[in-house]
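Q: Please take a close look at one residue in this chain and tell me where it sits and what it touches. After that, I'd like to see how other spots in the chain compare with that picture.

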Amino acid sequence: MEKIRVLVVDDSPYSRQTITRMLQQTSFIDVIGTASNGKEAMSRVIKFKPDVVTLDLAMPVMDGFAFLRWVMKESPLPVIVVSFYADDRSFLKAFELGAVDFILKPTARASPELQKIKDELIEKIGAVAHLEMSKMKANLDLLTSDSSKYREVEEVFPEPKGVELIAIGASTGGPPAIQAILLRLPKNLPAGIVISQHMPEGFTKHFAERLDTISPLYVKEAEDEDTVERGKILIAPGGYHMVLEKKGENIKTILRRKSNTDKYVPSVDLMMKSSAAVYGRKVLGVILTGMGNDGKDGMKAIKEHKGQTIVESEETSVVFGMPQEVITAGAADKILPLKEIPEEIIKRCMTEEK
């Protein structure tokens with residue numbers, strides 16, 4: 001098997017050396033070059049044609065954002081942002097420019113702490129190395145297409161006829177996919193939405209704020225004991241798992257701190273299992289792009305409680321790992337390309353399953 005060819009871009013000599021050493025310790029990755037800024041990275045991409053780029057954002061001469069704009073236009077390839085950046089909104093900008101994933105450096109200083117990202121970085125490079133960049137471009141195009149504002153549902157029901165809760169899970173490639181869906185849901189959607197997107201602590205607040213500015217629905221980062229209700233979207237906060245519990249007449253979010261042994265945070269499985277236990281046949285599970293198998297057991301639990309499920313198809317999934325796991329487990333009712341998922345969600349909310 002040919003090795004994955006990686007270009008490491010970082011203005012810190014320590015970070016370049018440490019990341020290179022990490023990656024060279026694997027049997028399937030070859031670091032074919034390094035660059036200290038975006039301008040150098042452009043020439044290295046042209047010369048070496050890497051499979052994957054790891055990219056710092058804050059660099060002199062040309063920063064990571066300018067490089068992202070150039071590479072996605074001139075030579076599209078998978079870019080994983082590896083950065084410690086004071087403004088957490090920067091990762092959203094990076095996603096919207098075409099980055100496929102983001103790893104937060106533990107510290108801005110030259111420190112052995114950087115070693116902590118080794119396993120995560122290697123896993124993500126392996127997951128995105130051979131993805132089709134045409135999928136990434138198509139998903140980003142959905143964010144700016146003329147059809148991004150969906151019609152309002154013609155009728156507002158005092159009680160939902162069908163699904164009352166949509167539980168969405170995603171990982172690598174998920175932020176643009178989630179945005180594309182929420183842009184196309186009407187403000188009077190007769191259901192609540194909960195979302196677990198694998199994301200570091202602190203980042204989900206800005207993700208929720210960004211979604212709230214573009215979605216017709218109200219979006220916020222979930223807090224402990226938030227009420228789940230129709231027309232509201234709750235984003236699981238990074239560093240925590242979000243589960244649902246019935247308290248009196250209301251359904252509340254309960255936040256659980258992650259443990260050091262948790263592989264996926266926030267956990268899609270925990271969110272979906274609790275959603276199934278509370279809502280039963282009135283829950284719709286949706287699994288989007290992402291690596292790993294988080295969400296498989298959650299979707300199985302939804303099916304066991306007679307709920308409904310949708311997974312994103314390989315046609316549009318940036319990384320097909322999570323959807324494929326659900327399909328293989330026999331827990332997918334429908335397999336749809338990203339652009340068809342919003343209309344299917346609306347249909348499931350407006351029509352009672354027989």
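A: Threonine 20 lies in helix 1, which spans residues 13-24. Helices here are DSSP runs of H or I with at least four residues, strands are runs of E with at least two, and both are numbered from the N terminus. With a relative accessibility of 18%, threonine 20 counts as buried; that word means under 20% relative accessible area, while exposed means over 50% and partly exposed lies in between, using a 1.4 Å probe and protein chains only. Leaving out residues up to four places away in sequence, threonine 20 touches Val8, Val31 and Thr34, where contact means heavy atoms within 4.5 Å.

A word on what you are viewing: this is a predicted model, in which local features need pLDDT of at least 70 and side-chain atom pairs count only at pLDDT 80 or more, while totals for chains, interfaces and linings use all residues. Residues are numbered from 1 along each chain as its sequence is written, and side-chain values use heavy atoms, with hydrogens and water left out.

Setting aside residues up to four places away in sequence, leucine 131 touches Pro78, Val100 and Val318. Val318 is 187 residues from leucine 131 in sequence, yet their C-alpha atoms are 6.5 Å apart in space.

Burial can also take in whole helices. In helix 7 (residues 174-182), nine of the nine residues are buried, so this helix is largely enclosed by the rest of the structure. Among them are Gly174, Pro175, Ile178 and Leu182. Helix 12 (residues 341-350) has eight of its 10 residues buried, so helix 12 too is largely enclosed by the rest of the structure. The buried ones include Ile341, Glu344, Arg348 and Cys349. Their cover includes helix 7 itself, along with strand 6 (165-170), strand 12 (283-287), strand 13 (308-312) and strand 14 (334-336).

The peptide bond from valine 265 to proline 266 is cis, with omega near -10°, and proline 266 sits in the loop between strand 11 (250-257) and helix 9 (268-279). Glutamate 225 is not a glycine but has a positive phi of about 70°. You will find glutamate 225 in the loop between strand 8 (218-221) and strand 9 (232-235), where its 39% relative accessibility makes it partly exposed. Lysine 306, likewise not a glycine, also has a positive phi of about 70°. Lysine 306 belongs to the loop between helix 10 (296-304) and strand 13, and at 64% relative accessibility it counts as exposed.

Now for the whole chain. Its secondary structure comes to 12 helices and 14 strands. The radius of gyration is 20 Å, close to the 20 Å that the globule rule gives for 354 residues, so the chain is as compact as a globular protein of that length; the radius is taken over C-alpha atoms, and the rule is 2.2 Å times the number of residues to the power 0.38. Along the principal axes, the C-alpha atoms fill a box of roughly 60 × 40 × 40 Å. Buried residues make up 58% of the 354. Of the contacts between residues at least 6 apart in sequence, 73% join residues at least 24 apart.
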